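Have the sequence and the structure open side by side as you read.

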Amino acid sequence: MALLTLVDAHLAYGHVPLLDGTSLSLELGERLALIGRNGAGKSSLLKILAGIEKPDDGLIQFQSGLRRVYVAQEPLFAADASVFDAVAEGVAEARALRERYERHEAGDDLDAVQTRLEALGGWTWEQRVEEALHRLELDGAKPVAALSGGQRKRVALAQALVAEPELLLLDEPTNHLDVDAIEWLQGLLVARRGALILVSHDRAFIDAVATRIVELDRGQLRSYPGNFAAFEAAKLRELENEALERARFDKLLAQEEVWIRKGVEARRTRSVGRVQRLVELRERRAARRDQLGSVRLEISSGLPTGKIVAELTDVTMRYGERTLIDRYTGTVLRGDKVGLIGPNGTGKTTLLKLILGEIEPTAGKVRQGTKLQVAYFDQLRAGLDLDKTLVEAISPGSEWIEFGTEGKVTRKHVMSYLGDFLFSPERANSPLRTLSGGERNRVLLARLFALPANVLVLDEPTNDLDIDTLELLEELLQTYAGTVFLVSHDRRFLDNVVTSTIAWEGDPKYGGRPGLWREYEGGYEDWKRQRERARVMPAAAAARTEAGAAAAAPKAAPARTKLSYKEQRELDALPARIEALEVEQRELQQRLADPATYTEQAPQVPALQARHSAIEDELMAALERWELLGSR
């Protein structure tokens, strides 16, 4: 039996139905990713499944005794609650039952209480809370009111996880989490028992977690088994077929409209059945819900900066006893797309402010380039006055938006510009507080791109944006002539946009020091691969040295310091072999990332994946061999 079943559900706010007679079922063990455009109704559907809201019409059934836990995008807690108390709310029933059992009040059915208590694991609820706090690196004594957005999200996740529900419902769980926390959450969700429904726009997260993707599109739910790449390929075929079918329908309707308007002779022989069919065609066309348009993005790059945007030499930044940045040296050139990666609180924003000259370093030197025009995208939306209308927020005091440089300037009316971001003229004078989180992010993008800027600073721009808008934003930033600084937890977005990565590597577990930052070529996956190699090679070399010393000690044999002829030839050939393996690895990554591979070459996919894994092992072995021979 399915855990839940939704049949013929209807939900509408205003004249556009969010759910239009759609259905859904969920089986035990499924991990379902719910995707769709901003404003399509994903969060509303999740709240219906959580029992917080009700549909206008339709039937929803749950398995008897099903325990559900819902984690909202912006979780709310009691103002005076500690972190421990907030997390313990997840086991509130178990706490209450144990207290009731320990009181032994007259009239209580202690056998029934004990049975329910054991079913909920109530005897050890404190240990479960402490374990969740430890795994999510939370201090139980801290007040929730003093936590950042990311920490509050961790508290909400911990509260849900200690409840151990059969069905977990997560709304944008990766918002405000850093990359390490997202990867930890991925592993946790994949390993846990029970079912999962999540709303997310993080494509890498969906790929790692989901076993099925359900898209909410124009009031209907469409199901796609498999990962996100398989969904994209299937969706493309669907849209092509839908466009072809609608073109045929429109052609038939046009022919019938011509026929009905013919002269007197034609009207004498007019078929009553044909007239009725035309009426039905008109009704079907009027009821049809066309695919929503796409956001149209363009940006003024302003005047070009000098060749160097910023040059940092041995820059250190301390606050009291804490070192956020320690002796960092680097250069940012015009046109660079730079990603900043690091856990929350490690100093990403501080490093950005140093690069842009907004603060002075404790030690070292920072030199800024010339003609910098900087535009900011703020993840907290602090720059938005929620009482202003869309028009006032985008273009205060003017009806026109200007793009381009001094040599070539184009103008666009603010109403047309808002239409590019999928805001209808009827909503132009609506206050910002009436917008959803994704719509407010679109307002921020619209305002950002209305400014002439040659340096863009984007702080978590992907939060709440739908996947279509994310992909368009990626294309825009790839072709943008200016310089981009990007702070994001969206690994796929980083890989598709940035050309270099500045990463925090101050973790002492891996030999780092406080405030250590390093720059790498490429995006997130490139950084991750290079970081792992850097961590493995010294450890492997040290292990080989210790093993060699232990083996040589009893024999007291003199250590060899010169390579044999065969070893020297092997050492000379290793760089070319490593390069060939890396080229083959990149080609395989491109093939595996292409949706066409899964549709046109499906039988070959397992072999490609196996070869990709084997290359990583061969590459690591070659690097270790190179390190060993080179050290001799």
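A310 has V332 in β11 as its bridge partner. That bridge belongs to the antiparallel pairing of strand β10 (residues 308-319) with β11, which extends over 8 bridges. Two strands count as paired here if DSSP finds at least two bridges between them, while helices (H or I, at least four residues) and strands (E, at least two) are DSSP runs numbered from the N terminus. This is a predicted model, in which local features need pLDDT of at least 70, side-chain atom pairs count only at pLDDT 80 or more, and totals for chains, interfaces and linings use all residues. Residues are numbered from 1 along each chain as its sequence is written, and side-chain values use heavy atoms, leaving out hydrogens and water.

Now step back to the whole sheet. Its 3 strands follow the order β11-β10-β13 in an open, antiparallel arrangement. β11 (322-333) and β13 (363-368) each have a single partner strand, so one side of each lacks a neighbour in the sheet. On average, neighbouring strands here are turned by 15° against each other, direction ignored. Helix α12 (residues 348-355) packs on this sheet, touching β10, β11 and β13, and its direction makes about 130° with that of β10. Contact means heavy atoms within 4.5 Å; angles run from 0 to 180 degrees between N-to-C directions, with axes fitted to C-alpha atoms, for helices over the stretch in contact.

Next comes an open sheet of 6 strands with mixed pairing, ordered β14-β17-β18-β12-β19-β20. Its edge strands, β14 (374-377) and β20 (517-521), pair on one side only. Within it, β12 (residues 337-341) and β19 (residues 500-504) run parallel, joined by 4 bridges; V338 has S500 in β19 as its bridge partner.
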